[in-house]
Amino acid sequence: MPTRRSAPLSSRRQPQQARSSDLVAAILEAALQVLAKEGVHRFTTTRVAERAGVSVGSVYQYFPNKASILFRLQSDEWRQTTELLCGILEDVATPPLDRLRRLVHAFVRSECEEAGMRTALHDAAPFYRDAPEVQTARAAGER
């Protein structure tokens, strides 16, 4: 059985200036809106570009394909949740039982507030789940 090669997920280039960073942020915000409104099956780079008010070429300057945008949204979500939970766990000034209580509350609150987007991101996983970048991102969160 042949091994399926996944499309590259890494950004084509990293923004160097504030204006470029703002453009990438606008693209990602537009992508969230398109994903929430249209769902993963109608998610396209063209729709993202239209929503962001930029050319599709501007999107492709930073993201090689729609899978890379979806993966970036997912990895940003993983990173934010990991930072939130690690911040609670690493607070040694708080007694362990209180940290555990805060951790559970923060996790449940996060899951409830972001349920729709997490469902959409879960539906998008087949577009990028076999890429090596996914394994790297998951390993970073397992500490």
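**Aromatic cluster.** I looked up the aromatic residues and found that Phe71, Trp78 and Tyr128 form one cluster. Rings of Phe, Tyr and Trp (its six-membered ring) pair if their centres lie within 6.5 Å; planes under 30 degrees apart count as stacked, over 60 as edge-to-face and the rest as tilted. By that rule I get two aromatic pairs.

**Model and numbering.** I note that this is a predicted model, in which local features need pLDDT of at least 70 and side-chain atom pairs count only at pLDDT 80 or more, while totals for chains, interfaces and linings use all residues. Residues are numbered from 1 along each chain as its sequence is written, and side-chain values use heavy atoms, with hydrogens and water left out.

**Burial.** I call a residue buried under 20% relative accessible area, exposed over 50% and partly exposed in between (1.4 Å probe, protein chains only). Phenylalanine 71 is buried at 9% relative accessibility, and tryptophan 78 is partly exposed at 24%. Of the 143 residues in the protein chain, 34% are buried.

**Cysteines.** I searched the whole structure for disulfides (cysteine sulfur atoms within 2.5 Å) and found zero. Cysteine 86 is buried, with a relative accessible area of 15%, whereas cysteine 112 is exposed at 58%.

**Fold.** I took helices (H or I, at least four residues) and strands (E, at least two) as DSSP runs, numbered from the N terminus. The protein chain has seven helices and zero strands, and I read its pattern along the sequence as α-α-α-α-α-α-α. For contacts I used heavy atoms within 4.5 Å. Among contacts with a separation of 6 or more, 66% join residues 24 or more positions apart.

**Second largest pocket.** I defined a pocket on a 1 Å grid over the protein atoms alone, as an open set of points where a 1.4 Å probe fits, with protein on both sides within 12 Å along at least five of seven lines; lining residues have an atom within 4 Å of a point. The second largest pocket holds about 190 Å³ of space, a volume filled by probe spheres set on grid points joined across faces, edges and corners. I listed its lining residues, among them Leu28, Asp76, Arg118 and Leu121. α1 (18–38), α4 (66–89) and α6 (115–124) each supply at least two lining residues. α4 gives the most, with four residues.
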